[in-house]
Amino acid sequence: MADTAERTAVELLVENAVVLPMTGPDDLLMDGAVAIDGGRIAAVGPTAELRARFAPRETIDAREQLVMPGLVNTHMHLFGAFARGLVNDLSFTPWIQKKFYVTSRGLNPDNYYLGTQFTSIEMLKTGTTAFLDCGTYQELEEAAVAGVEASGMRAVLARAMADVQDDLAEFLSRSDRVTRENLEHAEAFMARFDGAAGGRVRAWPCPIQVTSSSDELCVGAMELAERFGVGIVTHSNVDREDIEAHGLRFGSRPIERFASLGILGRRFVGTHMAWLSDDEVQLLMDTGAAAIHCPSASMKGAYGAFSKGRFPELIGAGATVGLGTDGPAAACFLDMFREVHLAATGHKEARLDWTLVSPYQALELATIGSARAMLLEDEIGSLEEGKRADLIVLDLMRPEMIPWHEDNIVANLVYSGTGNLVHTVVVDGRVVVRGGEVLTLDEAEVLRAMQREAPRFVELSREWDARFWPDDHTRPHVFERGATA
Ligand SMILES: [Zn+2]
């Protein structure tokens, strides 16, 4: 071994690990290491080689552990933190109405900050290092940024926008309603917070539902995104009801509308995307627009991502596909390993085709695929020299991973693993979880505070049920207002 004097000083060396860099299906180091300095990855390679090259200030011995990129959750809702388990077994439109009603009346800056810390704890402990908040609440943006800052996570905070008075609007009491106000407020949010928390926060615009967003709003949001060098994100082609409502109002399918508006491209992120026509699939492939797969939300909400969805075709054609949990009111969990499992198994079952979505492809969706969708593929999503140091260390000596070997380790992660494997989490070069314990936040105190806030949201849930529960919730929502945008 070289002298310390000849070695390059670095802050951290994670060594003796199985390293899965997600740079290609054959790239696996059975005795590998990752050197980290200045928040970035200085090198990835065999342990012996990196020990010879680097003099670390801190060493993590990751023997019998696996190191991989932190998971990237491309669809989450901070505003759903208090609605977990309260909004179930309704079709898409009343489901959103109830979620908007409960959250927009119940949230304030204090409990939104708390909910951001709370969801960050669940994400960090299950191996997610970056997430996209699809609809950061109007007037509460500062609390979300503060929560992300405190947690140590990386996030795209996409500010909610809606300007169409549709069947959803009256339940979203904080909506800006007017197109110009939406755009001005989103721009102010982006100008203030894009690049916050030492660059860990990116600020995007989010026309939240395709049915609630006028042409003018969508085009204006894309103009903002281009100016700030970010993307725009929406819920699109979610299910049969979403397609029907969009057709009634705009006379077209959502992805076709965005193509005709000239805003479908690398900066466009559509979420759920379960109901796509052949033309819309082709438009995504031609333009590079991203489709986000949220398997568990689709299964709970009966959207059709597996029975009708075209994700195998999109993945096979190399389209940009990310993976998300959706919010705590939708999927009801934020463990991305469970989503990876569903993405790898659900399409096989739905199509009776065991060749669809390999374990490695499913992990790609949760890492480099999601990073690409969030326009962060040059910074995160794989372990490569020069990228930001966002990585997770997983325990391999657990019953669900045994026996492991280079031949089955990826399959075991996908088919057998859950977020319970997570031991250590590093974001931007900083250790934020060690031994399964979150270091940045007081977990016990945050959980107790969440429980104290719970009754307020249960009351609102009961109130909505008493006033608005459909006469027959087994039937789809009936849209009574015609196509008056
Ligand atoms: Zn959502």
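In the predicted model, helices α2 and α15 cross in a right-handed manner, a crossing being right-handed if the near helix is turned clockwise from the far one by less than a right angle, and left-handed if anticlockwise. Residues are numbered from 1 along each chain as its sequence is written. Because the model is predicted, local features need pLDDT of at least 70 and side-chain atom pairs count only at pLDDT 80 or more, whereas totals for chains, interfaces and linings use all residues.

Helix α2 (residues 92–106) packs against helix α15 (residues 443–468) at about 140°, the axes lying 9 Å apart; helices (H or I, at least four residues) and strands (E, at least two) are DSSP runs numbered from the N terminus, and axes are lines fitted to C-alpha atoms, for helices over the stretch in contact, with angles from 0 to 180 degrees between N-to-C directions. On the α2 side, Q97, K98, Y101, V102, R105 and G106 meet R456, F457, L460, S461, W464 and F468 of α15, contact requiring C-beta atoms, placed from the backbone, within 7 Å.

An open sheet is formed by four strands in the order β6-β7-β8-β9, with parallel pairing, where two strands pair if DSSP finds at least two bridges between them. Its edge strands, β6 (71–76) and β9 (201–207), each pair on one side only. Strand β8 (residues 154–161) pairs with β9 in the parallel sense over seven bridges, and A158 has W204 in β9 as its bridge partner. Helix α6 (residues 215–228) packs on the sheet, where α6 touches β8 and β9 and its direction makes about 165° with that of β9.

Key: Two residues are in contact if their C-beta atoms, placed from the backbone, lie within 7 Å.
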